[in-house]
Amino acid sequence: MKIAKRFLSATALLAFGGLEAASPVRAFDLFGLFGAAEEAPEPSPDSLPYKIEFAGLDEAEGLARSLQDVSNTWRLRLQAPPSGAGLARRVVADFPRLAEALWASGYYDAEIRATIVGVPVRPDGHGADVAAAAAERLRGQALAPIRMEIVPGPLFRLRKVAILDARDGKPLDAALLTKKSLQRDAEEPARAAALQSMQAAWIDALRANSFPLAKVVAAKPTISHPEKAMDVVVTIDPGPRAGIGEVRTSGSPGIDPDVIRSFIYLEEGEPYSPKKLADLRKSIGRLEAVGSVKAEDGETLDANGNLPIFVQTSERKRHAVGADAFFSNVDGPGLRAYWTDRNLFGGAERLRFDIEGGLAPFGSSASYTGLSSIRLNDVIGRAKASFVKPALFGSREDLLLDAGVVREKTDYYWAYYGAASASIRHRFSDSASVQAGLEFERGHSFDAFGPHDYSLLGFPLSANYDGTDDLLAPTNGFRAVANVTPYVRAFGDSVGMAQSKTQISGYKALDDDGWHVLAGRVAAGSILGASIENIPASHRFFAGGGGSVRGYRYRSLSPDAGLGFPVGGRSLLEGSVEARIKVTREIGIVPFYDIGSAFSSPVPDFRSSMRSSVGLGLRYYTGIGPIRLDVATPLGRRPGENRFAIFIGVGESF
């Protein structure tokens, strides 16, 4: 029968106010992967099993599923009622549920017709007794057929939407909202989900504009059947404009609360915004000892008109171990492993040991040729210990201690050395910091200029900025890191020089969900004060490899000093551009272009030709970051260079 219009306004308001569809019951089919057929119930002398069909919905996309989700007759089809009367009651009770679902989907002239064993049943219960008796006659013999015939009618559109201020009943000042939140399609269907999405966008815009207590007071729809349209008046109470109030922390009894507070960069009285709370969660989450971070608004403003913030944290397991592998057909395989204590003394101190091992390129060969080529002399790697004491005395200064040993080997040089450093890092905010310290390195290298024992005493300075939205897979923002280290002559074999390097990377999503991202990187370096033969080989600049110019062997692009093979340079210039395109939520492709080289002069003079490559990457996105497979080929390939290079690892290339 035709849905009674005199009940339309009240029920439509209910539908727009927060209808929640119940989840349907499904037969087990191995998570729905193989589409296993549902087993039909058998006739029974003790109950009245039935079969149900929804008809008339072929042209209404997705509507059948919405109606099935709210229909108890459908959801309980595998749980037969004991009698015909119970079956009839189940069908009659579905009429208002189906009507609300139709209205919530934008169909306000819909008709619902139901039959049980061919007997029509109406919303007021008329016909239910006859239908119950007809169903009883099938007891133990056959399934009772139920037919729900739906005539949706035309899809209504959302025509006019007015937003009123609850404080004075006048239109809400549009300046309090964003243009994006006010934009909508003129042919937007009059669906509950559409209006609820709009309301959420308006409240989000008000909260971002320092109205944290904003709420929707009422939403009153008016249906125009002749014009197949709906007009809605939404009343919003913005509440008072507020600032950030006192930030109170709780949880994590095993971590010094002063350390957690040092990672909170909010100042009492500054304008409130949800983004600041998101940044707060992000900054506290940088403490490895902290597991989850929850930041919630207070319910009322304080005496100063500010909103208190409540932060609750949890602790991660104190110890962790991890390992990963990487591989390149030109640079060979490698393994990495680490062990860490995240809260050594109760102040979120982190102690970590890393070890990495791999195989050097093989004897001037242009490619990795397999296990038969392995020699003990080809094993390379590094071992490192690092300690971080965050928030010294509750301040925003962190102590960083590092020590490690390294063995490197390429076709152009080999080196082994040990280094230790101590630094103090000052955090201006979660995104910006500076660092200064002392570094000592002692090592031996052998290259075209012969053997070289050396010592380095340096004073590294660096500045870091990270304004990206995600640490592992950024979609917007940029990062910049700049460092310079003056090395002084303090010992007989010391080298005096100043080494610097800067890298900037930027990310821009082309859609709201971050499925299409443009990413770019530029890096430049320079060494002043020493000739190329006096600079330790491991400190000279080279380009090429998985984190540089893909398609070329690791550290293979540099000046040759007339010797016919790379010896390293005193300056560096590199660039990369990628298009990171998600095909599904887990799978993505990445076409890329890399360019770069090292130069003999302290600043790039382009006497050495810039080399470039193109390639295509495959990404598998996981909760801990993307797994990366890149295939690259050099442009203008020269004799002895590989046709292509394959790189496998974890994380984006930059």
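Which residues in α4 meet Ala128, Ala132, Ala135 and Glu136 in α6? Let's find out.

## About the model

This is a predicted model, in which local features need pLDDT of at least 70 and side-chain atom pairs count only at pLDDT 80 or more, while totals for chains, interfaces and linings use all residues. Residues are numbered from 1 along each chain as its sequence is written, and side-chain values use heavy atoms, leaving out hydrogens and water.

## Two helices that meet

The residues in α4 are Gly84, Ala85, Leu87, Ala88 and Val92; contact here means heavy atoms within 4.5 Å. By class, this contact of α4 with α6 has 7 nonpolar, 1 polar and 1 charged residues (Ala, Val, Leu, Ile, Met, Phe, Trp, Tyr, Cys and Pro count as nonpolar, Asp, Glu, Lys and Arg as charged, and the others, Gly among them, as polar).

Helix α4 covers residues 84-92 and helix α6 residues 128-136, and they pack at an angle of about 130° with their axes 8 Å apart. Axes are lines fitted to C-alpha atoms, for helices over the stretch in contact, and angles run from 0 to 180 degrees between N-to-C directions. Helices (H or I, at least four residues) and strands (E, at least two) are DSSP runs, numbered from the N terminus.

## A sheet of strands

Now for the sheet: 3 strands form an open, mixed sheet in the order β5-β7-β6. Its edge strands are β5 (157-165) and β6 (215-224). Strands pair if DSSP finds at least two bridges between them; β5 and β7 (residues 229-237) pair in the parallel sense over 8 bridges. Arginine 157 has alanine 229 in β7 as its bridge partner.
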